[in-house]
Amino acid sequence: MPSSENLYIWYGVIFVHQGYYKSGIFKFRVALPESYPEYSPSVTFMSDMFHPLIDGGGNLSLSQQFPTWRPNEDYIFHVLHYIKNIFKKTILDRLVSKHCFNKEAYRMYRTDHSTFIKLSEQCANLSITESYLFDHFPDDNMIRFSPISDSMFGKLNKEKSHL
């Protein structure tokens, strides 16, 4: 969803349903350069992430998938598809060190798998805590989550089943 203040900034959320980051809900921001599609967008995750392709500031390395950005061949939907795929084992298995911003996470994935699994699960669990889930981060991010009571959830779920 575009920022409420700048059409070159988009916000997104990915819900991970399986794998090392199962149950994670990760918010991210995509910044499009004014010269897009001539130049690639940048992607920044807005919560703490433990992932070989994501640095301490949340910046996602796109270079594994897009070693050279190809205008009019590579588009934002390719980047969004890649964001979804970085949490899959098939992508993690094929990572090359030079493309990984977090060398320690990359090393753990390759040589200390049990620790990697614990830290990726911890990352996913942290992402669904109230402070991460309900904090809206920047004011221009229109994607908002709010707590819901069990009774309201039951009511909404019941209404959904009647559709």
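**Core, loops and a buried aspartate**

Biologist: Which residues touch the most other members of the largest nonpolar core?
Modeller: Tyr 21, Phe 26, Val 43, Phe 45, Leu 60 and Phe 87, out of 35 residues in that core. A nonpolar core here is a set of buried Ala, Val, Leu, Ile, Met, Phe, Trp, Tyr and Cys residues joined through side-chain atoms within 4.5 Å. Buried means under 20% relative accessible area, exposed means over 50%, and partly exposed is in between, with a 1.4 Å probe and protein chains only.

Biologist: Which helices and strands supply at least two residues each?
Modeller: Strand 2, strand 3, helix 1, helix 2 (89-93), helix 3 (103-111) and helix 4. Helices (H or I, at least four residues) and strands (E, at least two) are DSSP runs, numbered from the N terminus.

Biologist: What is the source here?
Modeller: This is a predicted model, where local features need pLDDT of at least 70, side-chain atom pairs count only at pLDDT 80 or more, and totals for chains, interfaces and linings use all residues. Residues are numbered from 1 along each chain as its sequence is written, and side-chain values use heavy atoms, leaving out hydrogens and water.

Biologist: Back to Phe 26. What does Phe 26 touch?
Modeller: Not counting residues up to four places away in sequence, its contacts include Tyr 21, Phe 45, Phe 87 and Cys 123. Contact means heavy atoms within 4.5 Å.

Biologist: New topic. Where is Asp 140?
Modeller: In the loop between helix 5 (130-133) and helix 6 (150-161).

Biologist: Is Asp 140 buried or exposed?
Modeller: Asp 140 is buried, and it has no salt bridge. A salt bridge needs a side-chain nitrogen of Lys or Arg within 4 Å of a carboxyl oxygen of Asp or Glu. The nearest side chain of opposite charge, Arg 29, is 6.8 Å away. Lys and Arg count as positive, Asp and Glu as negative, and His and the chain ends are not counted.

Biologist: Which side chain makes a polar contact with the side chain of Asp 140?
Modeller: That of Tyr 11, at 2.7 Å. A polar contact is a pair of N or O atoms within 3.5 Å; within protein, one must be able to donate a hydrogen and the other to accept it, and residues adjacent in sequence count only if both atoms are side-chain atoms.

Biologist: Which residues does a cis peptide bond join?
Modeller: Tyr 36 and Pro 37, with omega about 15°. Pro 37 is in the loop between strand 2 (25-31) and strand 3 (42-45).

Biologist: What is the phi of Ser 23?
Modeller: About 80°, which is positive although Ser 23 is not a glycine. Ser 23 is partly exposed, at 41% relative accessible area.
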